[in-house]
Amino acid sequence: MFQIGKTLISEEILESAFVCDLKACKGACCVEGSSGAPLETAELQTLKKIYPSIRPYLRPEGIRAIETQGSYVKGSDGEWETPLVEDKECAYVVFEGGVALCGIEKAHKAGATSWKKPVSCHLYPVRVREYTQVTAVNYHQWHICDPACSLGSSLEVPIYKFVREALIRKFGEAWYEELETVAREHLKP
C-alpha cells in the first residue's frame, strides 16, 4: 500500500490490468451479488431528486422496485445501496441486447440528467472504504470480471488508468496526478 494525502491505495490498482468487456460479461456486476450498488450519503438526495428525470429510461420492474422500496435502501451491512428487483439485479438496470446497462447513465447520455451514476459504479472495480482517519482505495477482484482482466492485459491498461475519470471525480485532478507520479515510480523496470 501507499499513501496520497488521507488515502491508502493498494498497489493492485497500479499493477493489475482491467478494461470492461461487456460483450463477454453482459454487465454481470449490475446483476450478480446479494446487494445493490454502494451509495455515498451525499448521493441519496441526488437519486431522489433525479428520479423523475430518469424514470422514463428504466424498466417497469425497476420502477416498481424503486417506488416500493425507495430510491435507495439500507443494506444488511447497514450501508446505503441501490434497491434490487426481487433480490436480483439493481433496480436502475436496463437490458439492451442481453447486456445489463445503467439506466441512470442512459438518461445522462440522453441529456435528461447531469449526474452520470453512483460513484461506486463509476469506480468499479475500485472500491473505496471510508475510515475515521483515512480512506482505503482497493481493487475488488470478482470472477465475473475475468474477461475484463484479460482484455485489460491484452490492451495493457492498468486499473488506475481505466477508472481515471472516476478517480478524478472522487478525489480530484491533483490527487490523480500524484497517483500517476507514484505509478511511474512504482512500475519502473
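Good morning. Three bridges join strand E2, residues 7-9, to strand E8, and the two run parallel. In that pairing, Ile 9 has Val 137 of E8 as its bridge partner. Two strands count as paired if DSSP finds at least two bridges between them. Strands (E, at least two residues) and helices (H or I, at least four) are DSSP runs, numbered from the N terminus.

The model is a predicted one, in which local features need pLDDT of at least 70 and side-chain atom pairs count only at pLDDT 80 or more, while totals for chains, interfaces and linings use all residues. Residues are numbered from 1 along each chain as its sequence is written, and side-chain values use heavy atoms, with hydrogens and water left out.

Let me turn to the other partner of E8. Strand E7, residues 126-130, pairs with E8, residues 135-139, in the antiparallel sense over five bridges. Val 126 faces Tyr 139 of E8, and a hairpin of four residues connects E7 to E8.

What is the order of the strands in the open sheet? The four strands follow the order E1-E2-E8-E7, with mixed pairing. At the edges lie E1 (2-4) and E7, each of which pairs on one side only. From one strand to the next, the twist averages 25°.

Finally, the helices. Helix H9, residues 164-171, packs on the sheet and touches E2, E7 and E8; its direction makes about 15° with that of E7. Helix H10, residues 173-186, also packs on the sheet, touching E1 and E2, and its direction makes about 150° with that of E1. Contact here means heavy atoms within 4.5 Å. Axes are lines fitted to C-alpha atoms, for helices over the stretch in contact, and angles run from 0 to 180 degrees between N-to-C directions. Thank you.
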